[in-house]
Amino acid sequence: MPLLGCIADDFTGATDLASQLVSIGMRTVQTIGIPDERLADELKDVDAVVVALKSRTIPAEQAISQSLAALEWLQARGCQQFYFKYCSTFDSTSEGNIGPVTEALMDALEVPFTVACPALPANHRTVYNGYLFAGGVPLNESGMQDHPLTPMTDANLVRVMGSQTRHRVGLVNLDCVRRGSDAVRSRFDALKADGIRVAILDAIEQQDLETLGEACRDLTLVTAGSGLALGLGARWSDQLTGGDAAELPATPGREAILSGSCSRATLAQVEHTKAHYPHYRLDALTLAENYQDQVAEALDLAREHLDQSPVLIYASASPDNVKKAQQMLGVQEAGEIVERALGEIARALVSELGVRRLLVAGGESSGAVVSALEVKGLQIGPSIDPGVPWTVTLGTEEQLSLALKSGNFGSEDFMTKAWETMP
């Protein structure tokens, strides 16, 4: 039976967490939504299961319903601890959904207290005095203020979380963390005595996450980015299935890259990749006018070049271009038309053009692609960059290797070096 049951609010965030779990020796499977019984049979020899939802930007009531259904499924599998995973940029809509889902999970598990810890120092996400920093600057100055779906204009997590939940929110600051796990547990007790039910955790280095993981080992529910998983590993070290947790079967076939993320990191990766591989740009406004023509042109480029090289098909665009498309089409329609195109292109690449190895950039884009390919689950393998592993599909007719990348993750050369780390 799996030891740790995880619920992630988007697909790339799920693979990020799963990758961290593999790095500490936990054999991990990611499911796309709540799995059917056929896929459940493949989860017998794993240490952790990550259920990937697409719940970050949907109405809070739907996010709660989906998350509770995932929790019930994980409980039925016998999981002993539960982990609600959100992005290391803590982004959601102004109404949630981090706070509302956390509340619902606490109520379902009947737990009086939990923590919130988005810190991931390996990817330059740190929390100090309750403020979240990305790349060394406050979150609201990092580019996240321009996110097309979940703009973040406040870096104070106590304030952000407090606005999303009826529970009182407190802080475990870095001075306390540096005094060790016993001091952190004592702080938990003091906060609970004061009526605090959710604690924001400071962390700026890997050792801080290890301290916090030890302090949280007896909590039934934790909520975090992927970083806290690194600190939880010691709890399970003597109960793991063993072997190489990152081992994957090889997947021969053609290679392609699909990108819909408009984050600064992905935009830089796209520019780097365009100098190396054939590429085609999808445009939301053009798709709205000539959808089939754009999709056909993208596939024609792939058809011409796939024998010689990976191809890049991207809709990534600058904040100004994104805002223009949103003004013309509406925020939801601008995103949906790009996702629909990337999903249709992915399906054609696999079914018609023999692509078996696919890299996808962006959480919404990854969700669209795995849905179009009817992927039910992923076995997690070796990392390309922190938080971005290669995976192999479970429950598909053709085995595929997928790398699902959060928009903000990865080095500038990520899209070109990824193929060198493939099993």
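The model is predicted.

Start with Phe 188. This residue lies in helix α7, which covers residues 181-193. Is Phe 188 buried or exposed? Its relative accessible area is 3%. Buried means under 20%, so Phe 188 is buried. Which residues does Phe 188 touch, once neighbours within four places in sequence are left aside? The contacts are Phe 113, Val 115, Val 172, Leu 201, Ala 215, Cys 216 and Leu 219. Phe 188 and Ala 268 are 80 residues apart in sequence. In space, their C-alpha atoms are 41 Å apart.

Next comes a span taken from a record. An unreviewed UniProt entry places the feature "domain: Four-carbon acid sugar kinase nucleotide binding" at residues 256-415. In the model, the end C-alpha atoms of this span lie 10 Å apart.

Now turn to two helices. Two packed helices are described by the angle between their axes and the distance between the axes. Helix α12 runs over residues 319-329, and helix α13 over residues 331-351. They pack at an angle of about 110 degrees, with their axes 6 Å apart. Angles of 65 to 115 degrees count as roughly perpendicular, and α12 and α13 are therefore roughly perpendicular to each other. Their crossing is right-handed. From α12, the contact is made by Ala 325, Gln 326 and Leu 329. From α13, Val 331, Glu 333 and Ala 334 take part. By class, this contact has four nonpolar residues, one polar and one charged.

Terms used: Residues numbered from 1 in each chain as written. Predicted model: local features only at pLDDT ≥ 70, side-chain atom pairs only at ≥ 80, totals over all residues. Heavy atoms only, no water. Axes fitted to C-alpha atoms, helices over the stretch in contact; angles between N-to-C directions. Helix = DSSP H or I, 4+ residues; strand = E, 2+ residues; numbered from the N terminus. Parallel < 35°, antiparallel > 145°, perpendicular 65-115°, else oblique. Left-handed = near helix turned anticlockwise from the far one by under 90°. Contact = heavy atoms within 4.5 Å. Nonpolar A, V, L, I, M, F, W, Y, C, P; charged D, E, K, R; others polar. Buried < 20%, exposed > 50% of the residue type's maximum accessible area, 1.4 Å probe, protein only. UniProt positions renumbered as here; feature names shortened; annotations may be inferred.
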